[in-house]
Amino acid sequence: MVSLRFPFLFSQPSNHPHSHPTTHGPFRPVAIAVAVATATVAGVSTYQNRKHPFVENALDFLFSNHSSTHLWGSLSLADNSSDTVVESKTSVSFPSVLGNSRKLLGIGLRRKSILGLKNIDVYAFGVYADNGDLKKLLSEKYGKLSLSELRENKEFNDDLMEADICMTVRLQIIYSKLSIRSVRSAFEESVGTRLQKFGGSDNKELLHRFTSQFKDEYKIPRGSVIDLSKERGHVLRTTIDGKEVGSIQSKLLCRSLLDLYIGEDPFDRKAKEDIELNLASLVQK
């Protein structure tokens with residue numbers, strides 16, 4: 001692997017050995033966790049049928065916000081025909097640029113705890129922002145601040161999420177048994193909580209419009225890509241493996257979605273730190 005000259009900085013692991021790409025087989029931790037929990041609750045050693053009600057409930061519980069854990073993945077840079085950044089723990093790669101101008105600010109992992117027994121990698125994500133929009137809308141106010149000043153400035157992230165800046169959060173599915181129903185359920189809770197935080201309790205219809213885009217007919221095997229893109233005019237456009245499945249014009253919804261990844265309580269805190277560092281390098285004059 002040859003190092004790639006990449007204009008942004010990403011955190012490297014301090015205590016973790018370098019991970020090499022591997023081929024992942026069936027995800028056995030789920031079976032182990034469900035078996036242990038089932039033996040405890042029902043006195044049965046294992047369940048082989050994934051459609052058993054207990055197993056279904058366990059899998060739904062898996063994606064509830066209460067069992068989330070924060071973990072960051074180390075990054076390595078790869079040189080190939082299209083410049084990419086590789087999340088070294090999972091070997092998932094992200095293009096350094098989407099389209100012509102959305103630059104990668106940071107990547108991270110969404111992990112979930114299975115009944116408090118095992119953690120699994122659900123998906124890797126990358127956060128992108130339009131370079132021109134950042135300079136146009138944020139540089140005048142923040143361009144002369146140092147990195148430490150930016151990180152202490154609480155308005156910086158708020159302005160990033162509130163301003164009409166084109167951004168994309170790309171999700172790349174890692175967990176091979178993830179269902180679209182679980183994705184829908186997870187967003188109902190996580191986005192629903194943020195909608196209530198930023199807009200009050202009367203946003204059920206908006207939440208339903210968003211989550212109903214994730215229809216049961218869509219399959220998301222390992223390697224599937226979900227793009228959640230904030231377009232001009234605060235339009236949230238959703239695509240699954242390149243197919244647009246819906247778009248909603250709502251500043252509140254865009255803010256709530258971005259808050260999951262770059263807000264006060266992000267899914268991956270280390271990824272947020274990377275994003276803040278790289279944002280600073282883009283907006284500074």
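This is a predicted model: local features need pLDDT of at least 70, side-chain atom pairs count only at pLDDT 80 or more; totals for chains, interfaces and linings use all residues.

Trainee: OK. How many helices and strands does the protein chain have?

Mentor: The secondary structure comes to 9 helices and 11 strands. Of the 285 residues, 50% count as buried.

Trainee: And the contacts: what share join residues at least 24 apart?

Mentor: 69%, among contacts between residues at least 6 apart in sequence.

Trainee: Let's do helix packing. At what angle do helix 6 and helix 8 pack?

Mentor: About 115 degrees, with the axes 9 Å apart. Helix 6 covers residues 180-199 and helix 8 covers residues 251-262.

Trainee: Left-handed or right-handed crossing?

Mentor: Helix 6 passes helix 8 in a right-handed crossing.

Trainee: Which residues in helix 6 and helix 8 meet?

Mentor: From helix 6, they include Phe187, Val191, Leu195 and Phe198. Helix 8 brings, among others, Leu253, Ser256, Leu257, Leu260 and Tyr261. By class, the residues of this contact divide into 9 nonpolar, 3 polar and 4 charged.

Trainee: Staying on helix 8: how many of its residues are buried?

Mentor: 10 of the 12, so helix 8 is largely enclosed by the rest of the structure. The buried ones run through Leu253, Cys254, Arg255, Ser256, Leu257, Leu258, Asp259, Leu260, Tyr261 and Ile262.

Trainee: What about its length? What should helix 8 span?

Mentor: At 1.5 Å a residue, its 12 residues should span 16 Å. The end C-alpha atoms are 16 Å apart, which agrees.

Trainee: Switching to the core. Which residues have the most contacts inside the largest nonpolar core?

Mentor: Phe187, Phe210, Leu257 and Tyr261, in a core of 54 residues. Helix 8 gives the largest share of this core, 7 residues. There is also a second, separate core of 10 residues, which includes Val85, Val92, Ile107 and Ala124.

Trainee: Zoom in on tyrosine 261. What is it in contact with, beyond its neighbours within four places in sequence?

Mentor: Tyr123, Phe125, Val127, Val169, Leu171, Phe187, Pro266, Phe267 and Lys272.

Trainee: Back to helix 6. How does it cross helix 7?

Mentor: At roughly 145 degrees, with the axes coming within 10 Å. Helix 7 is residues 204-211. That crossing is right-handed. Helix 6 contributes Arg184, Phe187, Glu188, Val191, Gly192 and Leu195, and helix 7 contributes Leu206, Leu207, Phe210 and Thr211. The class count is 6 nonpolar, 2 polar and 2 charged.

Trainee: Leucine 195, then. Buried or exposed?

Mentor: Leucine 195 counts as buried, because its relative accessibility is 1% and the cut-off for buried is under 20%.

Trainee: How far apart are leucine 195 and leucine 207?

Mentor: 12 residues in sequence and 7.8 Å in space, C-alpha to C-alpha.

Trainee: Last one: where is glycine 246?

Mentor: In strand 11, residues 243-249. Glycine 246 is buried, with a relative accessible area of 16%. Leaving out neighbours within four places in sequence, glycine 246 is in contact with Gln213, Leu236, Arg237 and Thr238. Its C-alpha is separated by 9.1 Å from that of arginine 209, 37 residues apart along the chain.

Note on methods: Residues are numbered from 1 along each chain as its sequence is written. Side-chain values use heavy atoms; hydrogens and water are left out. Axes are lines fitted to C-alpha atoms, for helices over the stretch in contact, and angles run from 0 to 180 degrees between N-to-C directions. Helices (H or I, at least four residues) and strands (E, at least two) are DSSP runs, numbered from the N terminus. A crossing is left-handed if the near helix is turned anticlockwise from the far one by less than a right angle, and right-handed if clockwise. Contact means heavy atoms within 4.5 Å. Ala, Val, Leu, Ile, Met, Phe, Trp, Tyr, Cys and Pro count as nonpolar, Asp, Glu, Lys and Arg as charged, and the others, Gly among them, as polar. The expected span of a helix is 1.5 Å times one less than its number of residues. Buried means under 20% relative accessible area, exposed over 50%, partly exposed in between (1.4 Å probe, protein chains only). A nonpolar core is a set of buried Ala, Val, Leu, Ile, Met, Phe, Trp, Tyr and Cys residues joined through side-chain atoms within 4.5 Å.
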